[in-house]
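I opened this model to look up a few local features and write them down. These are my notes.

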Amino acid sequence: MADEPLILGIETSCDETGVGVVRGHTLLADALASSVDQHARFGGVVPEVASRAHLEAIVPTMERALTRAGVTLADVDAIAVTAGPGLAGALLVGVAAAKGYAVAAEKPVYGVNHLAAHVAVDTLEHGPLPEPAIALLVSGGHSSLLLVDDLARGVTPLGATIDDAAGEAFDKIARLLGLPFPGGPYIDREARAGDPAAIAFPRGLTAAKDLAAHRYDFSFSGLKTAVARWVEARQRAGEPVPVADVAASFQEAVCDVLVGKALDACRTNGIETLVIGGGVAANSRLRAMAEQRAARHGIRVRVPRPGLCTDNGAMVAALGSHLVAAGVAPSRLDLPADSAMPLTTVSV
Amino acid sequence: MGVRIGWFIVLVLVVDSSTPAVTAALVEVTASAVTTRAHRCTVDARAHGELLAPQVDAVLADTGARPADLGAIVAGLGPGPFTGLRVGLVTAATMGQVLGIPAYGVCSLDAIGYPAAAGEPVLAASDARRREIYWAVYDGAGQRLVGPEVGAPTAAAEQARALAVTAAVGDGAHRYADALGLPLRPEPRYPDATALATLAAERIRAGAPGDPLTPLYLRRPDAVAATARKPVLP
Ligand SMILES: [Zn+2]
């Protein structure tokens with residue numbers, strides 16, 4: 001509908017430069033430039049390399065997004081930008097860009113929370129989000145379980161990883177198995193030919209003694225060590241490493257914990273909607289397992305398509321659209337980039 | 001451009017964030033003059049992202065100008081600490097894109113060395129952190145002879161003396177005055193907005209196409225490549 005707000009979203013919190021355009025809940029364009037190839041040889045994202053790439057990519061990415069959406073900056077009602085959490089220097093490029101666009105085009109700017117944007121992006125595919133909902137956000141940079149009461153004003157963190165992010169664990173195990181970076185898609189592919197029950201890897205923070213203090217928290221460091229020990233024992237014995245079985249069993253352990261805790265949060269709080277987002281939500285086993293187990297409890301799982309799960313500008317635009325519709329005031333022009341922005345802050 | 005010379009006025013936005021001095025200015029460039037109409041400068045090494053956009057907004061408001069009245073943008077390309085430097089360049093690039101006007105880059109040290117060079121060669125320096133300076137040497141007319149470079153103050157001083165430099169200028173020169181051992185000129189301490197516009201004035205008057213605004217980083221990113229098969233176990 002033409003009278004719904006037209007929102008531009010800018011994302012630069014990690015290694016993807018994203019610009020998205022949405023009208024209401026309708027995605028008009030989602031342009032992306034990634035510096036992932038520049039980081040591959042380092043086995044992880046190098047912050048300064050990412051920041052330099054954002055500066056080079058922001059103007060052409062904006063150009064592509066506007067062209068694809070068939071709009072100009074003058075048509076836009078507001079500009080939303082990821083203000084945190086993320087890599088400080090990378091965030092700053094996006095925030096400064098958003099302000100440059102806002103000042104030049106005389107538009108309001110909203111500095112928004114990256115994690116809340118991962119939740120909001122689902123509205124582009126599945127429409128308005130029933131509240132309250134539980135959100136599971138899993139990527140290379142974050143692993144969080146949230147209670148979403150009011151996406152426009154604040155979400156309640158229930159738990160988070162106490163060591164590695166879920167996506168980081170995928171990257172490290174991929175490296176151990178000689179698979180490329182980022183590891184998620186390669187583990188997923190290898191695992192399809194493997195037996196998920198071949199090796200019993202540990203499920204972190206699921207024992208009764210851990211649940212008291214860490215019911216909704218995650219830990220993947222013990223799992224990572226267990227996989228490394230198992231693989232190195234094989235290598236020492238001069239036996240071949242069954243890569244597919246290791247990948248499948250590792251992936252099963254990660255998904256088992258993620259889905260188990262997310263559904264526990266739904267049942268305990270009497271909530272019927274689970275949203276999954278972040279790069280790890282693109283994992284095929286996670287999606288399948290969540291849907292199977294949720295169905296048994298009458299819980300609806302909402303997962304956006306893989307292209308919207310990873311970091312992008314559309315998710316930021318989607319959250320911006322939600323904020324404008326909810327009548328939230330825009331940010332001030334001196335809004336800072338906040339690398340440690342808390343989840344309780346949806347916009348600054 | 002089909003403009004009668006006597007009527008030629010371009011309203012230019014100048015930004016520089018290569019030093020702790022976050023600068024925005026509105027400058028009028030005519031066929032014969034470069035005149036600063038509004039100027040905001042805040043010295044704060046840690047808040048470039050917060051300060052610059054409100055200052056741009058303020059210099060526009062000070063003169064009653066709208067963004068659409070701008071005809072060009074000039075941005076200091078550094079060298080300077082990367083995170084802050086990028087704020088000015090991304091601001092210039094995005095505003096130029098929206099307004100459809102050219103953005104020109106000028107070496108930020110030139111906006112210290114050019115106005116400071118009064119007949120004798122001068123060393124211009126800004127703080128590069130890690131006990132180093134960004135520096136360049138200018139002749140008596142303000143033309144850059146050497147640089148921009150990054151390095152230890154003593155090494156810069158040695159090269160400067162070989163070029164018969166008699167004075168040093170800029171915040172980096174003040175900070176490392178002892179190591180440089182050169183007499184100091186007090187002004188400008190930071191890149192001068194009027195000088196930035198002056199150094200781009202020929203291109204502005206000619207209506208030259210804008211620059212890609214690539215920062216003068218001078219240093220590679222800090223990044224340690226992970227070894228091919230680093231063990232995951234400690
Ligand atoms: Zn993310």
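**Entry: the model**

I note at the start that this is a predicted model.

**Entry: aromatic pairs**

Phe170(A) and Phe250(A) are both buried.

Next I looked up Phe218(A) and Phe220(A). Their ring centres lie 6.1 Å apart with the planes at 15 degrees, so this pair is stacked. Phe218(A) is buried, and Phe220(A) is buried too.

**Entry: an arginine over two rings**

Which rings does Arg52(A) lie over? I found Arg52(A) over the face of Phe82(B), 4.7 Å from the ring centre. Arg52(A) also lies over the face of Tyr217(B), where the distance to the ring centre is 3.7 Å.

I looked at helix α3 (residues 88-105) of chain A against helix α2 (residues 82-99) of chain B. The two pack at an angle of about 35 degrees, and their axes are 8 Å apart. I recorded the crossing of α3(A) and α2(B) as right-handed. On the α3(A) side the contact residues include Gly89(A), Leu92(A), Val93(A), Ala96(A) and Tyr101(A). On the α2(B) side, Thr83(B), Arg86(B), Val87(B), Val90(B) and Met95(B) are among them. What kinds of residue make up the contact of α3(A) with α2(B)? I found 13 nonpolar, six polar and one charged.

Most peptide bonds are trans, and most residues other than glycine have a negative phi. I therefore looked for exceptions to both.

In chain A, Glu131(A) and Pro132(A) are joined by a cis peptide bond, with omega about 0 degrees. Pro132(A) is in the loop between α5 and β6 of chain A. In chain B, a cis peptide bond joins Gly147(B) and Pro148(B), again with omega about 0 degrees. Pro148(B) is part of strand β8 (residues 144-151) of chain B.

I followed up Glu131(A). It is placed in the loop between α5 (123-126) and β6 (133-138) of chain A. Is Glu131(A) buried or partly exposed? Its relative accessibility is 37%, so Glu131(A) counts as partly exposed. Leaving out neighbours within four places in sequence, Glu131(A) contacts Val148(A), Asp149(A), Asp150(A), Leu151(A) and His322(A). I also checked Arg296(A), 165 residues from Glu131(A) along the chain: their C-alpha atoms are separated by 21 Å.

**Entry: positive phi**

Glu106(A) is not a glycine, yet its phi is positive, about 55 degrees. I located Glu106(A) in the loop between α3 and β5 (109-113) of chain A. With a relative accessible area of 43%, Glu106(A) is partly exposed.

In chain B, Arg129(B) has a positive phi near 60 degrees and is likewise a residue other than glycine. Arg129(B) lies in the loop between β6 (122-127) and β7 (133-138) of chain B. Its relative accessible area is 41%, so Arg129(B) is partly exposed.

I looked up Ala33(A) in strand β3 (residues 26-34) of chain A. Ala33(A) has 18% relative accessibility and so counts as buried. Glu16(A) is 17 residues from Ala33(A) along the chain, and their C-alpha atoms are separated by 5.9 Å. Not counting residues up to four places away in sequence, Ala33(A) touches Asp15(A), Glu16(A), Thr17(A), Ala57(A), Thr61(A) and Arg64(A).

I ended with Val328(A), which lies in the segment after α13 (313-325) of chain A. At 16% relative accessibility, I counted Val328(A) as buried. Val328(A) and Ala152(A) are 176 residues apart in sequence, with 7.3 Å between their C-alpha atoms. Contacts of Val328(A), leaving aside neighbours within four places in sequence, include Tyr110(A), Ala152(A), Arg153(A) and Ser347(A).

Technical notes: Residues are numbered from 1 along each chain as its sequence is written. Chains are lettered from A and ligands numbered from 1 in the order in which they are written. This is a predicted model: local features need pLDDT of at least 70, side-chain atom pairs count only at pLDDT 80 or more; totals for chains, interfaces and linings use all residues. Side-chain values use heavy atoms; hydrogens and water are left out. Buried means under 20% relative accessible area, exposed over 50%, partly exposed in between (1.4 Å probe, protein chains only). Rings of Phe, Tyr and Trp (its six-membered ring) pair if their centres lie within 6.5 Å; planes under 30 degrees apart count as stacked, over 60 as edge-to-face and the rest as tilted. A charge sits over a ring if NZ of Lys or CZ of Arg is within 6 Å of the ring centre and within 35 degrees of the ring normal. Axes are lines fitted to C-alpha atoms, for helices over the stretch in contact, and angles run from 0 to 180 degrees between N-to-C directions. Helices (H or I, at least four residues) and strands (E, at least two) are DSSP runs, numbered from the N terminus. A crossing is left-handed if the near helix is turned anticlockwise from the far one by less than a right angle, and right-handed if clockwise. Contact means heavy atoms within 4.5 Å. Ala, Val, Leu, Ile, Met, Phe, Trp, Tyr, Cys and Pro count as nonpolar, Asp, Glu, Lys and Arg as charged, and the others, Gly among them, as polar.
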